[in-house]
Amino acid sequence: MTVPDALLADAQTKLNAALARWGGEQDLWLFGYASLIWKPEFDYAQRLDARIHGWHRALCMWSRVYRGTPECPGLVFGLLSGGSCHGQAFRVPAARGKQVLTQVWHREMVSDVYVPRWVTCQTAAGRVQALAFTLPRDSPQYTGQLSDAQYADVFSNAKGRFGSTLDYASQTYQSLLTQGIDDRAL
């Protein structure tokens, strides 16, 4: 997938803003609600169960490369406003924060679909401010409400560069269960 220069520049501007907001003095926290839980692809010092309020996990984002194609789009999870979400908070030591945030940014923000936000995570160790990747409902990637038949079609047919939507959703579900997270909607 070729990413236009303007998109890369915008992603870099947003990364710089996130780095500035974090500041680099404290450890960096990242909130995972789907594939970051089962495939973080970065080293962390601590991983805690976490709940955020005001956002919920939903299988509501079109994937035309990783879990589908332009002709047969797949689905991935997004973090939508409203409700609450049980996930994982990852603590990265401050000394490695910039490197890890840049690495995660290149993974999550390649198509600039997410809006990164600092959210308050409730953990057993107390509250932490973590960066989460949220999906606005006005995004062209947002699916809106899908019927059961549409979900069945996607689960049966959508496959992309990293596998099928069904595999992705199953891996997320199994990982959540392994972490003791029961997502009734999923």
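Me: Which residue does E108 form a salt bridge with, and how far apart are the closest N and O atoms?

Reply: E108 pairs with R107 in a salt bridge, and the closest N and O atoms are 2.8 Å apart; the term stands for a side-chain nitrogen of Lys or Arg within 4 Å of a carboxyl oxygen of Asp or Glu. This is a predicted model, in which local features need pLDDT of at least 70 and side-chain atom pairs count only at pLDDT 80 or more, while totals for chains, interfaces and linings use all residues. Residues are numbered from 1 along each chain as its sequence is written, and side-chain values use heavy atoms, with hydrogens and water left out.

Me: OK, and why would such side chains pair up?

Reply: Side chains of opposite charge can pair when their charged atoms come close.

Me: Is E108 buried or exposed?

Reply: E108 is buried, because its relative accessible area is 13%, and buried means under 20%, exposed means over 50%, and partly exposed lies in between (1.4 Å probe, protein chains only). R107 counts as partly exposed, with a relative accessible area of 22%.

Me: What about the phi of E41?

Reply: Phi of E41 is near 60°, which is a positive value in a residue other than glycine. E41 is also partly exposed, at 46% relative accessibility.

Me: Switching to α3, which residues are buried there?

Reply: In α3, the buried residues are G97, V100, L101, V104, W105 and E108. Helices here are DSSP runs of H or I with at least four residues, strands are runs of E with at least two, and both are numbered from the N terminus. An α-helix has 3.6 residues a turn, so residues three or four places apart point the same way.

Me: How far apart are the end C-alpha atoms of α3, and what should it span?

Reply: The end C-alpha atoms of α3 (residues 94-108) are 20 Å apart, which agrees with the 21 Å that its 15 residues should span at 1.5 Å a residue.

Me: New topic: how much space lies in the largest pocket, and what lines it?

Reply: About 680 Å³ of space lies in the largest pocket. It is lined by 31 residues, of which S35, Y66, V76, R107 and E108 are the closest to its centre. A pocket is found on a 1 Å grid over the protein atoms alone, as an open set of points where a 1.4 Å probe fits, with protein on both sides within 12 Å along at least five of seven lines, and lining residues have an atom within 4 Å of a point.

Key. Expected span 1.5 Å × (residues − 1). Points joined across faces, edges and corners; volume = space filled by probe spheres on them.
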